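Work through the following exercises with the sequence and coordinates open. Each task is followed by a stepwise solution.

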Amino acid sequence: MKKEINWPKYLVIGFFAVGIIAMTLNSFLPGKDDIKDLELTDSGIALPSFSKEAMVGNQLFDMNCVACHGGNATGTEQGPPLMHRIYNPGHHSDRAFYLAVQNGAKQHHWPFGDMPAQPQVSSEQVARIIRYIRELQEANGIAYQKHQM
């Protein structure tokens, strides 16, 4: 004797499962309250009220990094967007930024070619640039995620 499948029951369970998954994923996105003090750029990047150190970092970024990494770190045809989750602190630590500026970086995530060293940028300047990038990332929902291989 074959047992009959109760399709309506499974459809209801599936519907609720999809709803729970969607609500869970949505909880990781910034809500209206999280971005109420942010200004959005034309490219959709939220600009927070930067700390003084990050404001200096923004100026340094614009002088040294914007040609390849774009305005507000959104990337160009010459370099990747630092406003991408791959650059979260759990995958690319602050140390990775220091090393990339000091030594250059081999192409590894994007097809832009190798990044040359930037000897004109001091360690103190890199610290301020990193602060700018991290505050910009945080304002746009890019947070620490443990790196898994």
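**Exercise 1.** How many residues line the largest pocket, and which lie nearest its centre?

Solution. The model is a predicted one.
- Step 1: the lining of the largest pocket counts 33 residues. Nearest the centre are His 69, Pro 80, Ala 100, Ala 105 and Met 115.
- Step 2: two or more lining residues are given by each of α3 (66-69), α4 (94-103) and α5 (123-139). The largest share, five residues, is that of α4.
- Step 3: by type, the lining has 20 nonpolar, eleven polar and two charged residues.
- Step 4: the volume of this pocket is about 640 Å³.

**Exercise 2.** Classify Gln 137 as buried or exposed, and list its contacts.

Solution.
- Step 1: Gln 137 belongs to helix α5.
- Step 2: its relative accessible area is 1%, and the limit for buried is under 20%, so Gln 137 is buried.
- Step 3: the side chain of Gln 137 makes a polar contact of 2.9 Å with that of Arg 134.
- Step 4: leaving out residues up to four places away in sequence, Gln 137 touches Leu 82, Met 83, Tyr 87, Pro 89 and Ile 142.

**Exercise 3.** How many aromatic pairs does the structure hold? Describe two of them.

Solution.
- Step 1: there are three aromatic pairs.
- Step 2: Phe 50 and Tyr 132 form a tilted pair, 5.3 Å centre to centre with 50 degrees between the planes. Phe 50 sits in the loop between β2 (46-47) and α2 (52-64), and Tyr 132 in helix α5, 82 residues apart. Both residues are buried.
- Step 3: Trp 110 and Phe 112 are also tilted, at 6.3 Å and 40 degrees. Trp 110 is partly exposed at 22%, and Phe 112 is partly exposed at 27%.
- Step 4: one aromatic cluster is formed by Phe 50, Phe 61 and Tyr 132.

Key
Residues are numbered from 1 along each chain as its sequence is written. This is a predicted model: local features need pLDDT of at least 70, side-chain atom pairs count only at pLDDT 80 or more; totals for chains, interfaces and linings use all residues. Side-chain values use heavy atoms; hydrogens and water are left out. On a 1 Å grid over the protein atoms alone, a cavity is a set of points where a 1.4 Å probe fits but cannot get out, and a pocket is an open set with protein on both sides within 12 Å along at least five of seven lines; lining residues have an atom within 4 Å of a point. Grid points are joined across faces, edges and corners, and a volume is the space filled by probe spheres set on the points. Helices (H or I, at least four residues) and strands (E, at least two) are DSSP runs, numbered from the N terminus. Ala, Val, Leu, Ile, Met, Phe, Trp, Tyr, Cys and Pro count as nonpolar, Asp, Glu, Lys and Arg as charged, and the others, Gly among them, as polar. Buried means under 20% relative accessible area, exposed over 50%, partly exposed in between (1.4 Å probe, protein chains only). A polar contact is a pair of N or O atoms within 3.5 Å; within protein, one must be able to donate a hydrogen and the other to accept it, and residues adjacent in sequence count only if both atoms are side-chain atoms. Contact means heavy atoms within 4.5 Å. Rings of Phe, Tyr and Trp (its six-membered ring) pair if their centres lie within 6.5 Å; planes under 30 degrees apart count as stacked, over 60 as edge-to-face and the rest as tilted.
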